[in-house]
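Visitor: Could you walk me through this one, strand by strand? I would like to look at it while we talk.

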Amino acid sequence: MSVVKINVLTVPAEQREELEKRFAARAGAVENSDGFEYFELLRPVEGTDQYLVYTRWRDEESFQAWLSGPMQAAHRPASPEGEAPKRPAATGSTLWSFDVVQSTGPKA
């Protein structure tokens, strides 16, 4: 069964738009990774300043391979030479890990 990784990002209200722009600009950075199955960026609606970055992977090895390779490249500052690197949009990050024990989808 698959594994799920949820990155919990603490994002101040004034940085929300910036965070969403940065994720949109990285479109495609994970989709072609071996073992990648699904991604969602979840915006908080009420009562929290935490975004959830949900990814699902074929197995832990696929996630670790992405983490040590393509993820490193995707998270490097893309500033033109001479400019200071962008500051992070999130002020904190926690990674939650889960094994998928049961899964279902809509009936055909």
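Visitor: How many bridges join strand 2 to strand 3?

Guide: Happy to start there: this is a predicted model, in which local features need pLDDT of at least 70, side-chain atom pairs count only at pLDDT 80 or more, and totals for chains, interfaces and linings use all residues. Residues are numbered from 1 along each chain as its sequence is written, and side-chain values use heavy atoms, leaving out hydrogens and water. Strands are DSSP runs (E, at least two residues), numbered from the N terminus, and two of them pair if DSSP finds at least two bridges between them. Strand 2 (residues 36–42) and strand 3 run antiparallel, and the bridges joining them number six.

Visitor: Which residue in strand 3 is the bridge partner of K5?

Guide: Strand 1 pairs with strand 3 (residues 50–57) in the antiparallel sense, over eight bridges. Within strand 3, K5 has as its bridge partner T55.

Visitor: Is S2 buried or exposed?

Guide: S2 sits in the segment before strand 1 (3–10). Buried means under 20% relative accessible area, exposed over 50%, and partly exposed in between (1.4 Å probe, protein chains only). S2 has 11% relative accessibility, so it counts as buried.

Visitor: Which element has the lowest mean pLDDT?

Guide: pLDDT is the predictor's confidence in each residue, from 0 to 100, and its mean over the protein is 87. Strand 1 has the highest mean among the elements, 97, while the lowest, 64, belongs to helix 3 (residues 70–74).

Technical notes: Helix = DSSP H or I, 4+ residues; strand = E, 2+ residues; numbered from the N terminus.
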